[in-house]
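Trainee: I am new to this one. Can you walk me through it, step by step?

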Amino acid sequence: MPRQLGELEDTVMTRVWQWNRPVTVREVLEDLQQERSIAYTTVMTVMDNLHQKGWVRREVDGRAYRYTAVSTRAAYSAALMNEAWSQSDNPAAALVAFFGMMSAEQREALRDAMRVVSPTFPEPAESRPDDGAPADEAPPESGR
């Protein structure tokens, strides 16, 4: 499981993920310098650390390296959530607490994701027609 990125590592990886192409230290540096004062050697060290940790791969391009993300931001986020959940002594309670913190938009995104991984995942009760039958029973057949 990957360890959570530090603040500057996350800032650098965000650029790499957003740009979605091979990048140089100089490109990242110039972008970061729009927000803060930072040295070339600092960015170079962070990118080298990210390479050593397996977050980026690099290829020589002239006298510089070009860095490319190994996985996506979504995969990183999922790995962090999985790690946090697996550390709980009561995973079900942790999920209930987590779901309770979610906004309506996040719950809808969760439902959408569940439909992708499990196409038979049920619709939420508020979007099903109200036929009077309990959710786990089919409506009675008419004419009998």
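Trainee: Which residues touch the most other members of the largest nonpolar core?
Mentor: Keep in mind that this is a predicted model. The largest nonpolar core holds 20 residues. Those that touch the most other members are Met13, Val43, Met47 and Leu50.

Trainee: What does Val43 touch, not counting residues up to four places away in sequence?
Mentor: Val43 is one of the core residues that touch the most other members. Leaving out residues up to four places away, its partners are Val25, Val28, Leu29, Leu32 and Ile38.

Trainee: In what order do the elements run from the N terminus?
Mentor: The protein chain has six helices and two strands. From the N terminus on, the order is α-α-α-β-β-α-α-α.

Trainee: Does the span of α1 agree or disagree with 1.5 Å a residue?
Mentor: α1 has 13 residues, so at 1.5 Å a residue it should span 18 Å. Its end C-alpha atoms are 19 Å apart.

Trainee: What covers the buried residues of α1?
Mentor: Start with the buried residues themselves: Glu9, Thr11, Val12, Met13, Thr14, Arg15, Val16 and Trp17. Their cover includes α2, α3, β1 (56-61), β2 and α4 (73-86).

Trainee: Which residue follows α1, and what is its phi?
Mentor: The residue after α1 is Asn20. Its phi is positive, near 50 degrees.

Trainee: Is Phe99 buried, partly exposed or exposed?
Mentor: Phe99 sits in helix α5 (residues 91-101). With Met81 and Phe98, Phe99 makes a nonpolar surface patch of about 280 Å². Its relative accessible area is 34%, so Phe99 is partly exposed.

Trainee: How far apart in space are Leu95 and Trp85, C-alpha to C-alpha?
Mentor: Leu95 also lies in helix α5. At 28% relative accessibility, Leu95 counts as partly exposed. Leu95 and Trp85 are 10 residues apart in sequence. In space, C-alpha to C-alpha, the distance is 7.5 Å.

Trainee: What share of the accessible surface belongs to carbon and sulfur atoms?
Mentor: Of the 144 residues in the protein chain, buried ones make up 20%. The accessible surface of the chain comes to about 10300 Å². The share that belongs to carbon and sulfur atoms is 53%.

Methods:
Residues numbered from 1 in each chain as written. Predicted model: local features only at pLDDT ≥ 70, side-chain atom pairs only at ≥ 80, totals over all residues. Heavy atoms only, no water. Core = buried A, V, L, I, M, F, W, Y, C linked by side-chain atoms within 4.5 Å. Buried < 20%, exposed > 50% of the residue type's maximum accessible area, 1.4 Å probe, protein only. Contact = heavy atoms within 4.5 Å. Patch = residues over 30% accessible without salt bridge, like charges linked within 9 Å, V, L, I, M, F, W, Y side chains within 5 Å. Areas by Shrake-Rupley, 256 points an atom, 1.4 Å probe, with all protein chains shown as cover. Salt bridge = Lys/Arg side-chain N within 4 Å of Asp/Glu carboxyl O. Helix = DSSP H or I, 4+ residues; strand = E, 2+ residues; numbered from the N terminus. Expected span 1.5 Å × (residues − 1).
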